[in-house]
Amino acid sequence: MNALRFADINGWRQALLAAPSAAALTASSQAMARASQAQLNACITLPELASPTHATGAALAGIPYAHKDLFCTRGIRTTAGSKMLSTFVPPYDATVSARLADAGAVLIAKSNMDEFAMGSSNENSAFGAVRNPWDSDRVSGGSSGGSAALVAAGVVPFATGSDTGGSVRQPAAFCGVTGFKPTYGRVSRYGMIAYASSLDQAGVIARHARDCAEVLQQIAGFDPRDATSVERPLDDFRAACDLGVRGLRIGVARELFSAGVRPAVAACVRAALAQLQAAGGVLVDIELPRLPLSIPAYYVIAPAEASSNLARYDGVRYGHRANAASDLAELYSRTRSEGFGTEVKRRILVGTFVLSAGYYDAYYLRAQQVRRLIAEDFARAFANVDVIAGPTTPDVAFKLGENTADPLAMYAADINTVAVNLAGLPAISVPCGLVDQLPVGLQLIGPAWGECKVLAAAAAYQSITDWHQQRPPAPAASGSPR
Amino acid sequence: MHIESSKLDRLAILSRLALSADERFALGADIERVLGMVSALARVDVAGVTPMAHPDDASLRLRPDQVTEADHQAALEAIAPEMRGGLYLVPKVLE
Amino acid sequence: MTAQWQAVIGLEVHVQLATQSKIFSGAATAYGAEPNTQVSFVDAALPGTLPVLNRGAVEKALRFGLAVGGSIDRQSVFARKNYFYPDLPKGYQISQYELPIVVGGSLTTALDDGRCLVVALTRAHLEEDAGKSLHDAFQAATGIDLNRAGTPLLEVVSEPCMHSAEEAVAYLKALHQLVRWLGICDGNMQEGSFRCDVNVSVRRHENDPLGTRAEVKNVNSFRFVEKAIAYEIERQIRANEHGEKIVQETRLYDAAAHRTRSMRSKEDALDYRYFPDPDLPPLRLTEADLEAARAALPELPAACHQRFTQALGLSAYDASKLTEERALAEYFEAVQSTLPGHAKLAANWVLGELAARLNDAQLVIGQSRISASALAGLLTRIADHSISGKIAKDVFASMWESGSSADAIIAERGLGQISDDAALSIAIAQVLSQFPEQAAKLRGGDEKIRQFLIGQLMKATQGKANPAQLNTLLRQALTDVK
């Protein structure tokens, strides 16, 4: 087994410094990725590796990473997990791709994901489901399932993801790794294939909060190519990880521990809170009364924006094109019907409905109003606390196929994560226990631009616990799963 | 909430999706259930609440009026499903 | 038009703003480039690309809004207008819907009979242009050129307050003059820089509700606008009188057949599903922005016209000709400002000799081979009687050819006007003695012979005699001589 399996960024850094060939060492990560395919199916493309071109001064020089296949990479196929883009090779780099390349990081895989980032299980990929490294009969979570699985399996020290309703945090929770979503506008969306533009944000999955901070430091910051990216000086995210938790006010909301949360999961999270308290954190009861409305609001707003964002996929300029269409109408409808999977079609139709004449006020406009109410709930809470804590998900990873027949059940499980996107806030999920031998995630939410508070709390927790060091059981020797 | 089949057809046309009979049945049912779920929004008192389309401190930044892009025709052609004489091709459109 | 019916006309004009780059991308906007060579990845709607607003487009829109006395919304919003068409790469057009940048305003112009026409404007908003469909490029296919996609447009919407083709055309001409005057549009209708959509309906009485209107799209000449309106009014009146219903529809003007015809009906009554574009936060304008735009506003054509007639004493006709184009008005101003009191002289030359020259050479005023100051130099010599008007025309011709100054040419060719009494008297004496019969006739009261003698005197002085002085001295000489 590769000695660097499960190594964090620093582990890789040390090894690279000592290695006779940095390139060969980095390449060994890709070998691990290739070997993991049968078990995890976490990769869509394993590209040719860029030769390390950077002086050792570059912050992430030689560090291998997996990049969610939602981010455009020049000259390297980018599919968004969809048949629609299965042969699309972008002629340009997403800003996040370029910044990681500038930092010296080496892309070893484009990771599998739910199609167009729509999904919470990574079962909606045109390239097959991703399997959880902890139990290959179970989902990895989604939509950044491939990225979470690869980090959890120790193949790469970090991976990128995107988070629109929990797509970084939830798979991180299911896979027992750390997943961070910044404040909306903190990281450029240029080149990150759009799902729901007012909710999408790039995120990082890594072995612990400190490494999330390291990567965030490289990718965050104003980008003139993204009008929603905010011009704001970068904090020192790494330094924030040393702030500790003494005196930190931690909000606990009853709504995040609702009846839908499995008692054993709630217990893990409460134990984690007790540890934070013992380390000097102050637990404060707070209220987020409109939290239950976040699912309906999200499932109006996200599909609405998606229905518009996905209108460009029409077979004319790139991507899949239906064969021998006799007229324009047929070109459009067959291209799109052939190119999109069921969940995507479902959301496009819902989105079209809620924007259509006669329904806009009752659905879309109203959802945006409820969104503001939810954001106000958070703002009110943050007047009294520094971070808000709770379970990332109501339960641990479910079995493959368990929820595919019932999209609403799938949606409902996003209850603890989507409100964060509606309000545009930063949040992290860190492993805090095991239930049935499956990881449980603790979510910490910060106020807008409060990345440092979130990282401080998460890093402090990880300095007094070792859940983030737990590893999934080795894959069964008898080979491929079902 | 019930969606008549004509309404579903219209949604499919507006979205340029050709649905098979099975899809129409299944997706129609799904959409009804989703809309049923989101109807919880109808019971909320939203009087006087400004819709939130963007995080509050967002304000549009402008760029200077300068040409910063070169000719990308070759790159666009390389990824185009059908291009001839530098033009994208679609089935003949009658106006 | 039948006396019993009132036509109601509203006009929507798409003014292509003369920016260097596109409204949401940095691609060039120059007309006539090879297909798809001025298309950025944003314009081609590649996955992950995002719009960023061009400051120049906003400034031009502001200039317009201030010039028409509209109210500038401090906060305006960009919205997506969703529909599918191959020349619309994103599957939506970024436009403005509920909160446009300019609201209200008006344009005042004079009709041919001198009546004043005031046209109220509903609004003006920014949006992006679509690409071009070429239906004749191929046998069985339509070709799409996206060079034009993303060019900034200002859509100017008038109230439906005009009642005849004459009024409509007068308004359009005034609008056309204004946008060129402000430097926000080149007004080239052949190239599609100024495109008119005409809405026509009829009703029996002016207090009746508006009738159903038909929209005639993309009429690109004033003559066609006139004809299209005339045709529509007649068509609608005839239909009404026969009890037929007018369908609200889009029509095109068929120039060859001199009629409007219904467009092939689009598949469904279009539901554009407008919603605020999540990629573009609201445009917030400050007092400083408005002040800067106000300060940069040139004197408007109407004010300039008034100043020319009232302060400079020019005829209304001359003032109108001079204010057809700002560059021409500025040229004239530059000339006449060096010759106070000689505005009429300056106007005559600018509208006479210079205009003729420019016309022949097919040049615009900006390309004139004689600068304003050079022309002023020539006119100064006329005003101070150094040369006659006739000789000045010669000098003008030489100036045009050689680029030399008037003074240089006058000196080089010894063309200075002879105003010296002694010299003129000698010439007179010579001519009178050369033509004693004619001299006697003139002395005898035969006025008709005067021109002949003047002519001879001009010949004798190579045309340089100051005519007024010559006349005076001649009269004196005739009475003196026995």
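Mentor: Let us begin with C:Ala214, which touches C:Val200, C:Glu232, C:Ile246, C:Glu249 and C:Arg251, leaving aside residues up to four places away in sequence; two residues are in contact if their C-beta atoms, placed from the backbone, lie within 7 Å. Please keep in mind that this is a predicted model, in which local features need pLDDT of at least 70 and side-chain atom pairs count only at pLDDT 80 or more, while totals for chains, interfaces and linings use all residues. Residues are numbered from 1 along each chain as its sequence is written, and chains are lettered from A and ligands numbered from 1 in the order in which they are written.

Trainee: Okay, is C:Ala214 buried or exposed?

Mentor: C:Ala214 is buried, because 20 other C-beta atoms lie within 10 Å; a residue is buried if 20 or more other C-beta atoms lie within 10 Å of its own, exposed if 12 or fewer, and partly exposed in between, with C-beta atoms placed from the backbone. C:Ala214 belongs to strand β13 of chain C, residues 214-219, where helices (H or I, at least four residues) and strands (E, at least two) are DSSP runs numbered from the N terminus.

Trainee: And what separates the C-alpha atoms of C:Ala214 and C:Glu34?

Mentor: Those C-alpha atoms are separated by 36 Å, and the two residues are 180 residues apart along the chain.

Trainee: Staying in chain C, what should I know about helix α8(C)?

Mentor: Helix α8 of chain C covers residues 343-361, and its 19 residues reach 26 Å from the first C-alpha to the last, close to the 27 Å expected at 1.5 Å a residue; the expected span is 1.5 Å times one less than the number of residues. The helix bends by about 40° at C:Ala355, the bend being the angle between axes fitted to the seven residues ending there and the seven starting there.

Trainee: Which residues of α8(C) are buried, and what covers them?

Mentor: The buried residues are C:Ala343, C:Ala346, C:Ala347, C:Trp349, C:Val350, C:Leu354 and C:Leu358, and their cover includes α6 (316-322), α7 (326-337) and α9 (372-383) of chain C. In general, an α-helix has 3.6 residues a turn, so residues three or four places apart point the same way. After α8(C) comes C:Gln362, with a positive phi near 55°.

Trainee: Switching to chain A, how many helices and strands does it have?

Mentor: Chain A has 15 helices and 13 strands, and 66% of its 482 residues are buried. Its C-alpha atoms fill a box of roughly 70 × 60 × 50 Å along the principal axes.

Trainee: What is the mean pLDDT of chain A?

Mentor: The mean pLDDT, the predictor's confidence in each residue from 0 to 100, is 95 for chain A, and 97% of its residues reach 70 or more. Over residues 477-482 of chain A, however, the pLDDT is below 50, and this stretch has six contacts in the model beyond near neighbours in sequence.

Trainee: Where does the backbone of chain A have a cis peptide bond?

Mentor: The cis bond joins A:Gly142 and A:Ser143, with omega about 10°, and A:Ser143 sits in the loop between β5 (135-139) and α4 (145-152) of chain A. As background, most residues other than glycine have a negative phi, and most peptide bonds are trans. A:Asp436 has a positive phi of about 55° although it is not a glycine, and A:Gln437 likewise has a positive phi, near 65°.

Trainee: Where is A:Asp436 placed?

Mentor: A:Asp436 is in the loop between β12 (427-435) and β13 (438-445) of chain A, and A:Asp436 counts as exposed because it has 12 other C-beta atoms within 10 Å.

Trainee: Last topic: how many residues does the contact take from chain B and from chain A?

Mentor: The contact takes 38 residues from chain B and 54 residues from chain A. On the side of chain B that touches chain A, the largest share, seven residues, comes from α2(B).
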